[in-house]
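Trainee: Could we look at this one together, step by step? I would like to learn how to read it.

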Amino acid sequence: MSEPLIYVLDMAVFVGIFAILAVSLNLEYGFTGLANFGKVAFFMVGAYTSSILANMGFPYLACITVATFAAGFVGFVASLPALKLQADYLAIVTLAFGEILRFIFKNEEWIAGGVQGITVPSAITITGVPIQTMMLIQLTIVYAALAICYFIAQRVVNSPYGRTIRAIREDELAAQVLGKDVFKYKAQMFTLGSAMAGVSGSLFSQYVRFIDPYTFEPILTFTVWMMVILGGPANNLGVILGAVFVQALERGARIAKDYLLLPVDPHNLRVMIIGILIILILMYRPQGLFRESKVKTPALEVASKWKKRS
Amino acid sequence: MNSSATTKTTAVLVALIIVVAVVAGVGGYFAGQSAGYDAGYKAGYDKGVMAGGAKAYEKGKSEGYKAGYETGYKEGLKAGKPKGPTLPDKIKIGSLMCLSGFLGPMGQKIKLGVELAVKEINRKGGIAGRPVELIVEDTATDPKTALEAFKKLVEVDGCKVVIGPMASPEVMAIGKYANERKVVVISPTATSPKITTEFPDDYIFRTVGSDALQGKALADTALKKGFTKIATLVLNNPYGIGIEEKAKEVLGDKIVLSIRYDPTKMDFRTELSQIKDAGVEAVIYVGWYEDGQVMFRQALEMGLDNIQWIAAEGVYGEPMFKVADAAEFMKRAVIGTRPIAPTGLITYKLFAESFKKEYGKAPTMYQDTAYDATMLAALAIAYAGQYDGAKIKDALQYVSQYYIGATGHKMFDKNGDQLTQFYEIWKVEKVDGKYKFVGIGRWP
Amino acid sequence: MKYKVEVEKVSKFFVNPNGERLQVLDNISFKVYDGEFLCFVGPSGCGKTTLLRIIAGLEKPSSGRVRVEGETPNPKKIRIGFVFQEEALFPWRNVWDNIKFGLEVRGNYNPKIVEDVVRLVGLENFKSYYPHQLSGGMRKRVAIARALAVNPSIILMDEPFGDLDAQTRWIMHKELYSIHEKLKKTTILVTHNVEEAVYLADRVLVLTRRPAKVKKEIFIGLERPRNKLSSQFIRFREEIIGFLREEVPEI
Amino acid sequence: MVVVNWLQVLFNSAVTGSLYLLAAVGLTLTYGLTRFPNFAHAEFMALGAYAGYTIAEQLKLGFPYSFIAAFISSAALGAASYLLVFRPLTHRGATIIHLMVASIGLDFFVRHLIKQVWGGEQLSFRMVWPYFDVGPVRITGLWVALILSAIVMVGVMHIVLTRTRLGKAIRASANNPDLAMASGVDVEKIALVVWIVGAALAGVGGLFRAADTRLVPLIGWEILLPAFAVVILGGIGSFYGALIAAYVIGLAENFGVVFLVMFKLSTDYKFAIAFLILILTLILKPSGFGRLFGEGGKVV
């Protein structure tokens with residue numbers, strides 16, 4: 001029998017996985033102003049690391065932990081040369097970096113099956129449980145991870161540290177003059193963002209249970225960018241809603257096409273709408289559908305004073 | 001007696017015999033088909049040979065066969081007797097196709113094969129009187145999207161049978177979920193041997209042979225021709241690599257140069273120069289129309305038509321002739337293999353006619369396997385008598401033993417793979433200014 | 001006395017990466033006399049450069065208005081000599097060709113004009129050199145010559161000597177002083193080097209932190225050429241630094 | 001032992017390089033002028049290719065006409081992109097990142113519009129080009145046409161850039177828009193001209209790519225990153241830098257294939273060669289050839 005509920009749960013899982021990516025990109029772009037166009041690379045590192053370990057028989061917690069650190073490490077290493085570059089160069093370099101990494105996973109069969117992809121054994125197998133229950137377990141794991149990432153992101157951006165990275169975003173030179181080691185802050189945010197992408201990748205591989213290089217094309221990065229731009233950069237809740245919106249639009253188009261007769265292919269239409277929407281939002285409401293969240297800390301007063309003075 | 005009279009008599013005879021012979025379910029289909037064949041044969045033989053016209057005999061045979069085939073389907077589909085819970089009023093069949101992304105161009109074509117089958121089924125009155133509704137979803141040539149689309153078909157639309165997905169990685173991605181949710185998946189194109197090892201004995205079927213077989217067919221063809229210095233030139237994807245690995249296994253150190261290429265790169269000049277300079281006698285080539293057209297044209301331009309090319313089925317089909325240079329190159333230098341039915345191809349001819357009538361053009365690669373997959377699904381539903389994944393799966397195993405489709409016998413082994421797969425060895429000829437494919441042998 | 005430049009209630013907003021409006025200039029008004037040498041000093045990143053670009057017509061103010069010789073500034077119509085902070089020469093053009101570019105664009109190239117400015121900045125022997133063959137100080141001379149060649153109504157300089165070593169900067173200060181004495185062009189110079197401002201300017205405007213306002217106006221009533229070591233000079237310098245320190249305590 | 005016909009590889013490199021040059025010229029000029037990498041440039045190529053296809057194959061008017069169609073349609077798209085999307089965004093104070101993201105949005109829109117109009121199926125030109133041997137080198141008419149087009153384009157651009165006031169203004173604006181503006185150049189007008197010319201050349205490049213291979217909606221996107229590699233290596237905004245870089249990358253890719261095959265690696269890595277050059281240039285020498293050769297006083 002059909003179970004629309006499962007489909008909704010499935011969507012919720014994907015929203016969760018993408019929301020983590022969106023939050024991580026938000027840390028990099030929204031708060032620190034880094035144009036990472038290679039987000040998918042770190043997602044991919046997380047997914048592959050986790051899958052390889054799972055195939056070697058490691059428990060899931062170990063997989064996701066190592067995946068997180070692996071993606072964070074790759075992010076850190078990549079950030080060392082990349083972050084010295086200006087925004088447009090950084091974008092192109094990260095995009096090319098993601099593609100090179102994908103080529104390696106694609107062509108080196110010994111790593112993880114090359115073009116054949118790699119299946120991922122399920123970490124949690126409970127026999128005799130209905131699929132709905134399994135879905136709920138998956139959902140719980142994903143949303144627990146999202147909650148942790150969200151919590152970390154909120155803590156980071158609402159701390160004095162977060163104030164500094166926003167200052168870097170606003171005016172790198174001024175921050176530098178104030179004695180902040182801009183590069184160090186950027187590298188830390190990039191590493192943190194990459195590690196979160198690794199978490200997301202690990203969850204993804206465990207949920208889909210099969211990954212191959214074709215999953216990690218640059219389009220995935222741009223999907224996450226759309227979530228951030230639509231949701232409102234520098235607003236963690238906003239970008240999560242952005243993730244909901246983009247996923248809902250994608251699945252909505254799939255279902256709508258069975259009921260509507262359009263002269264246009266709904267898939268084309270969906271992407272065209274997103275394209276136009278991005279341009280319109282950047283033109284008329286560049287703060288996104290949701291504004292930048294205000295700093296919320298005990299040091300709020302100090303911060304707002306500082307803001308006013310600057 | 002003239003031949004048209006013979007034909008008429010035959011048809012009447014066939015119809016009579018079928019009405020008598022039809023039993024329920026697939027029995028009806030099978031009986032109808034064989035009865036038609038017998039009737040045609042008999043009538044043709046009796047009347048035609050007696051009248052001394054071998055032509056009339058041939059015609060009678062084919063007419064009779066056609067009539068039997070038609071009626072067999074009709075009866076087979078109609079006779080699905082509801083057992084236990086009845087079939088729903090509308091039977092939904094899902095289909096996952098790569099309508100966009102890398103395989104998008106191919107998916108757009110293959111979809112037509114599925115749609116043709118559904119149209120025919122509905123024209124014949126649907127499955128046990130119930131119309132079939134086809135729901136096609138785009139997978140964007142991406143495993144993640146395929147899984148998402150598959151879930152939509154299963155959970156929102158409630159499909160228990162899904163035709164597709166096309167690419168092997170997509171099948172790999174949805175396999176586990178299909179088994180969990182007991183949904184029958186019949187892929188018309190996924191050829192990776194990994195599917196067999198990953199999903200044995202379950203809900204994953206395919207109407208196309210595994211690459212392992214064709215790799216062997218290609219390698220044997222090269223051996224038979226006595227080549228000792230061979231290059232492989234394959235798509236860098238599961239299809240190309242699956243065949244390449246098998247061919248390497250068979251040919252060993254006779255392979256002196258191996259090139260895997262990215263089909264989106266499309267600038268193959270230097271790869272081809274390499275092959276030219278390596279001085280090989282033959283090239284084992286695995287590609288699709290999309291890159292094959294370009295590859296063959298550039299190969300002709302580079303003057304590689306003086307060595308033997310042995311190609312897999314990916315480049316078998318009329319679209320290859322759209323590019324004049326590619327067609328000319330194929331005529332000069334290419335032979336190849338492709339999966340065929342072991343007993344001749346009148347069913348294919350019938351399929352091709354129907355296809356041409358519907359779309360105004362000749363069918364191309366995998367549209368036939370897609371058609372067969374859909375027909376098999378419909379017959380299995382009819383035979384199962386209820387819309388239930390597990391029942392349909394068992395029914396599918398059973399009906400496949402009797403089904404002769406556009407691509408011949410489609411018997412599944414216990415893994416859901418083709419039990420027997422024969423390959424035709426083809427070449428290209430130019431007749432009256434038109435290129436066409438000609439069979440020159442068979443494997444095994 | 002005639003005003004060469006009038007800046008009235010100019011404010012400027014930018015949109016930051018998140019679409020938030022970022023105010024850099026807050027209601028700035030001042031006037032510049034013909035032939036005056038005016039300096040802006042202010043904390044880094046306070047918007048000095050933006051202000052200069054608005055006066056040059058390279059950017060538009062969000063509100064308020066600017067008049068140069070009574071007209072809205074537009075580099076196509078009003079000739080403006082702009083000396084950029086970073087090195088701004090076309091690398092494929094030699095000294096001569098770089099200097100003549102502005103004239104070429106306006107279609108009134110005259111070798112004599114170029115010859116004059118080349119002599120003025122002392123580059124007679126380097127006419128056919130390419131920028132990469134010149135020292136930093138000489139490149140600045142080319143940039144100044146290029147700005148002067150179009151016979152501009154005003155000269156705008158954006159921290160022109162920031163990237164020079166102390167000694168070369170010294171020399172350039174003297175050069176600039178003598179050029180100004182000779183031509184009496186209205187000049188606006190942006191700097192964060194207080195000494196530079198006191199040495200060159202008739203008047204110094206101290207700007208606040210972002211969003212920038214005019215904090216203080218100081219007339220430098222010293223005789224020229226000025227002695228950087230005289231006690232009055234140092235007093236002016238310390239006074240301005242004192243104002244700046246109020247803005248940026250870290251100084 | 002692998003035997004290599006190096007002359008052929010050299011010639012192949014010239015073909016690849018010429019294609020990359022056509023694709024990258026507009027990209028580098030618009031990048032220099034409007035100061036952001038325009039990802040929608042991919043669709044300038046795609047639209048030119050599809051427009052050319054319609055003229056040559058559906059209306060059967062022949063290749064020269066499709067050449068013109070590609071030129072005009074892409075030019076129109078370039079003008080529209082600049083006037084309707086990027087200029088308004090710039091006026092509203094959009095950042096580089098905003099402009100990049102907007103260009104991706106535009107890219108998505110145009111690509112799917114193309115897909116809607118012409119369908120996703122692969123299309124191919126039916127033209128047959130003559131081929132012949134010159135010594136050990138195999139040459140075809142199309143490749144000659146491609147290389148000739150690139151040479152003619154370079155010649156015309158060179159004369160325009162060095163002899164005309166417009167050209168000098170273009171070159172100056174692409175190198176340093178602020179300086180050009182302060183010198184009295186109407187940079188916005190120049191920008192419009194550059195967007196039109198750059199897009200038109202990309203359209204011609206796309207047409208050649210389509211005629212040489214085949215047509216799919218992704219045709220432009222496939223060579224966008226190599227084109228970026230050309231732009232970066234050549235120095236942003238530098239026509240002459242791009243000229244050198246295009247052939248350098250053409251050489252690197254084609255010779256790279258030879259070595260990849262020798263070392264039994266997938267020729268898939270061919271793309272990675274261009275990307276690697278791109279990354280190394282940005283990290284080691286962000287000004288690219290523009291500065292490298294600019295120090296000789298000639299290039300940029």
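**Cores, a helix and an interface**

Mentor: Happy to! This is a predicted model. Setting aside neighbours within four places in sequence, Trp309(B) is in contact with residues including Leu233(B), Tyr285(B), Phe296(B), Phe329(B) and Ile335(B).

Trainee: Which residues touch the most other members of the largest nonpolar core?

Mentor: That core holds 373 residues. Its largest share, 15 residues, comes from helix 1 (residues 4–31) of chain A. The residues touching the most other members are Phe37(A) and Trp309(B).

Trainee: Why is helix 2 of chain C described as largely enclosed by the rest of the structure?

Mentor: Its buried residues include Trp96(C), Phe101(C) and Leu103(C). They pack against helix 3 (111–120) and helix 4 (136–149) of chain C, together with helix 6 (165–175) and helix 7 (177–182) of chain D. Helix 2 of chain C is largely enclosed because, of its 12 residues, the number buried is 10.

Trainee: Which element gives the most to the side of chain A that touches chain D?

Mentor: The contact takes 41 residues from each of chain A and chain D. Across this interface six residue pairs are in polar contact. On the chain A side, helix 4 (87–107), helix 10 (218–231) and helix 12 (266–284) each give two or more residues. The one giving the most, with 15 residues, is helix 4 of chain A.

Definitions and conventions:
Residues are numbered from 1 along each chain as its sequence is written. Chains are lettered from A and ligands numbered from 1 in the order in which they are written. This is a predicted model: local features need pLDDT of at least 70, side-chain atom pairs count only at pLDDT 80 or more; totals for chains, interfaces and linings use all residues. Side-chain values use heavy atoms; hydrogens and water are left out. A nonpolar core is a set of buried Ala, Val, Leu, Ile, Met, Phe, Trp, Tyr and Cys residues joined through side-chain atoms within 4.5 Å. Buried means under 20% relative accessible area, exposed over 50%, partly exposed in between (1.4 Å probe, protein chains only). Helices (H or I, at least four residues) and strands (E, at least two) are DSSP runs, numbered from the N terminus. Contact means heavy atoms within 4.5 Å. A polar contact is a pair of N or O atoms within 3.5 Å; within protein, one must be able to donate a hydrogen and the other to accept it, and residues adjacent in sequence count only if both atoms are side-chain atoms.
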